Amino acid sequence: MKMLIDWMDDRLGVRGMLHEALYERVPGGARWRYVWGSTLVFTFVLQVITGFMLWSAYSPSTRTAWESVYFIQHEMFLGSIIRGLHHYAAQAMVVLMAIHLVQVVIDGAYKAPREVNFWLGIVLMMIVLGLSLTGYLLPWDQKGYYATQVTTNIMSATPLVGAEVQTLAQGGNEYGHLTLTRFFAMHAGLLPASLVAFLALHIMVFRRHGLTVHDPKYAPDTTFWPDQVLKDAVACLAVLTAVLALAVFRPAEMSAPADPAVKFDAARPEWYFLFLFRFLRFHAVEALGLTFGAIIVPGIIMGIIALMPLTARVLGNFGHLLNRAFIWLMAAGVVALTVLAAWEDANDTDHQAALAESHRDAKRAIELASGPDRIPVDGAVSLLRRDPFTQGPRLFAQHCSSCHRWNGHDGRGSLIRDAIAAGSSGEAPFTLPVAADLGNFGSRAWMNGIVTDYVQHFRWIQNAGWYQEAARQIAAGEEVEFLDPASSEMADWTSGLTESLQAEENSENLKALIEFLASEAGHAQQEFDPALVERGRELAVDGNWAGDLEGTSCAGCHDTIGEPFPETPDDSTASGYPTMAGYGSAAWLKDFIRHPNADRHYGSRNRMPAYGPDQLTETDLDLLVRWMTGNYSPTTVADYPNQLEALNAGLASRAAGAVTDTTAAEE
Amino acid sequence: MTNSSDEVTSEVAVSAQPDYPRRGIVRQAITAVLSFLLVAVPGTLGGLFFLDPILRRKKSADGTDSGTAQARKDSEGYIRLDVTRDAIPTDGTPVAVTVFDDIDDAWNRFSNVPVGSIWLRRSESGTVSAFNSICPHLGCSVNFRRAENDFFCPCHTSAFGLDGEKTNQIPPRGMDSLDVSLRTAGEIDSDGSEIWVRFCNFRRATAEKIEIQ
């Protein structure tokens, strides 16, 4: 052993190198306050190890980036841990860097003769920020995509060469394959290589000048090994433990695959850039333009920091005081803005709704990707585009929610509110729904509502302008054709025979009828009792009711009930009553949405706009109807919560408010 | 404060300092162990991750196959070829045929894509034999040489008879024969015209024929 070391020492001088590395003097004794630089070096090493591993499984292109990261995160051995370590260590690095910088300024470690090393540190800081920025895009998920869009658009605000800078960064005029290959080359190639080079210089120069001793009389002098190394190692282990715990218990997030056609209202930069995001949101800053807020101000701040050694040189102790004041001010400002941004987001219902949708999409994308068919060649983004569970709510919100609601909300989980009246403050009142709530469309509850309490079931349409107008015209003695649940034959049937329908004698019959009607709608994720369905069918068609209902049947008016909905529906057999053939089924729904005004449906009494292919394409209609009829691969993703109670409560207080307003006006 | 330390540091001469602090052997040991852990923990985790191809349980095994190629594949893995027995020359000349199947490649499923090429040969009695066209030597493609009436690999000159047996010492084994089943409308029938083949690849450079799962 000794021979080997001697042999190496003769040729390489290992003893001298080791001695230099380990026995550097630490005047005033080892201290915890000296550990920050070492934790940064350690975190970087951690990033190199985990980064190489991720590199071995990552595939940079718009159709494979999200997919390969999904594969790492959810299928590869320890993939979630490796990605989690990389994800959280990157954040730890930014925090540690900020602490390091603040400490260097407070202790005056930037002053002569260490100015150059201070500048090297600033270069390192820029490289680390560049790494975090380029890394954020690589998973090609909605979050990274939209956040990085903001960054590259800020680049375009660079004076004179903005457009060129942006094109170079993106690898073209728009985001695409080349954006990823270029970002990846920066992230895994140029930036880490530069970091290694500058870090070597930084440590070399640091060794040349030695520690900036805080208090030489704190303790007897010692050496780097083992006293300071022990403290450094403990600190680094603490960092490692923290990021490992986060990686295990809070696996790194992945939002849905990036889709330029899908809005992402939850876009935010990584949390340590939130302060800048919030700063740019100040109206005063916005008024001065993007270049001012996003380039000039940060540039000036970095300039002031870079000039700190000169400030201290020229102004002496006063300069050092100024520098310390500045760095504390910056730190306080950053913390304050970060807290402000987080607090505002937490209290912003729109942002929270967008976040909820983002999480729903993310979970669904991962669920579909891990399905038995895996990911098709056109990428995971197409899985979501073809998924009724994802697209249905969006289509509903876009096309249906101006009249209808879905469990009280707009399909995407948000309650719809009126515009706030000019001059008034406070919460805007909920908008009155003017058509049926379709959240339980085609279910037993829906059928039960129609059969047992038709008027109440369709009460929402009484809020509609056309309904009130028609009611006025009727009151004035005019003749208007319109759908009025309150004075319909169906209402007569349900109200006239309610007692018999609800009575013991027909309780089993009612249950059977509901089962039959629900089975006709055939929600794909419901199971039906065949015997009960058959009994219900007989009741509907033949009317084997007991008591007062005896002799009545659904088929008496709805003569096609029990038949399947025709493939090519026409009005030749229209009876003047809405067809109940396959009522609530996908075929019925598609035809109804296209032609609600056909005689087989509501005819001239209809007020719902007919959605032709120019408004709702075949594909979109299919997605919407499949969502409404539950025809999609089963999911464990939590759906938007039911908001009917909130809506009803809101509408009640709205009505009460309206009364108050009138009273106020009268006074 | 800073100046004094600078002077001190500059006085430290590397080799002229023989008195290493020897005290605190326990402290040195603890420091060494902790420092080792700092590298060992991420190193081990990373190393295990890199061994994923060996350590990961294949997920495709429990998924139900439902790719588009399934229409032409049975539960035992036999795949129906586009070519029929009647289309193969009766004089024993081999024909090359492309086989289609679904491929699971990491996160992707490629549906009904070419997965390989085989040589088909019809005997005088009407039976059909199939060979994987990959050379068992080192994985190049085996060609049919009309002049020599044999199979030949241009990479390292492996040669095989039309029955697949090796005819020189270069390949470790004969060409890899594949199970063939003649059928009519999917039902086994030795006079059937449909050709179904259980396609698979085998490890190269081994004397034994070992299927790659």
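**Exercise 1. Find the partners of strand 2 of chain B and describe the pairing.**

Step 1. Strand 2 (residues 95–105) of chain B pairs with strand 3 (residues 108–122) of chain B, in the antiparallel sense and over 10 bridges. Helices (H or I, at least four residues) and strands (E, at least two) are DSSP runs, numbered from the N terminus, and two strands pair if DSSP finds at least two bridges between them.

Step 2. Pick one bridge: B:T98 has B:S117 in strand 3 of chain B as its partner.

Step 3. Now look at the turn. Strands 2 and 3 of chain B make a hairpin with 2 residues between them, and B:A106 in that turn has a positive phi of about 50°.

Before you go on, a word on ground rules: this is a predicted model, where local features need pLDDT of at least 70, side-chain atom pairs count only at pLDDT 80 or more, and totals for chains, interfaces and linings use all residues. Residues are numbered from 1 along each chain as its sequence is written, while chains are lettered from A and ligands numbered from 1 in the order in which they are written.

**Exercise 2. Work out which other strands of chain B pair up, and how.**

Step 1. Start with the open sheet of 3 strands in chain B: its order is 5-6-7, with antiparallel pairing. Strand 5 (143–145) and strand 7 (159–160) of chain B are the edge strands, each pairing on one side only.

Step 2. Strand 5 of chain B meets strand 6 (residues 150–152) of chain B over 3 antiparallel bridges. Across from B:D150 in strand 6 of chain B you'll find B:R145.

Step 3. Move on to strand 10 (residues 194–198) of chain B, which runs antiparallel to strand 1 (residues 78–84) of chain B and is joined to that strand by 4 bridges. Here B:T84 has B:E194 as its bridge partner.

Step 4. Strand 10 of chain B is also joined to strand 8 (residues 177–184) of chain B, by 5 bridges and again antiparallel. In this pairing B:L182 stands opposite B:I195.

**Exercise 3. Describe the side of chain A that touches chain B.**

Step 1. Count the residues: the contact takes 48 from chain A and 43 from chain B. Two residues are in contact if their C-beta atoms, placed from the backbone, lie within 7 Å.

Step 2. See where the chain A side comes from. Helices that each supply at least two residues include helix 2 (14–22), helix 4 (65–74) and helix 5 (79–106) of chain A. Helix 10 of chain A gives the largest share, 8 residues.

Step 3. Sort this side of chain A by class: 30 nonpolar, 11 polar and 7 charged. (Ala, Val, Leu, Ile, Met, Phe, Trp, Tyr, Cys and Pro count as nonpolar, Asp, Glu, Lys and Arg as charged, and the others, Gly among them, as polar.)

Step 4. Zoom in on one helix pair. The axes of helix 3 of chain A and helix 2 (residues 25–50) of chain B come within 9 Å and cross at roughly 10°. Axes are lines fitted to C-alpha atoms, for helices over the stretch in contact, and angles run from 0 to 180 degrees between N-to-C directions.

Step 5. Helix 3 of chain A and helix 2 of chain B are therefore roughly parallel. (Angles under 35 degrees count as roughly parallel, over 145 as roughly antiparallel, 65 to 115 as roughly perpendicular and the rest as oblique.) Residues in this contact include A:F42 and A:L46 on one side and B:L38 and B:F49 on the other. By class, the contact has 8 nonpolar, 3 polar and no charged residues.

**Exercise 4. Say how helix 11 and helix 15 of chain A pack.**

Step 1. Helix 11 (residues 274–281) and helix 15 (residues 317–346) of chain A pack at about 75°, with axes 8 Å apart.

Step 2. That makes the two helices of chain A roughly perpendicular.

Step 3. Among the residues that meet are A:F275 and A:R278 of helix 11 and A:L337 and A:T338 of helix 15.
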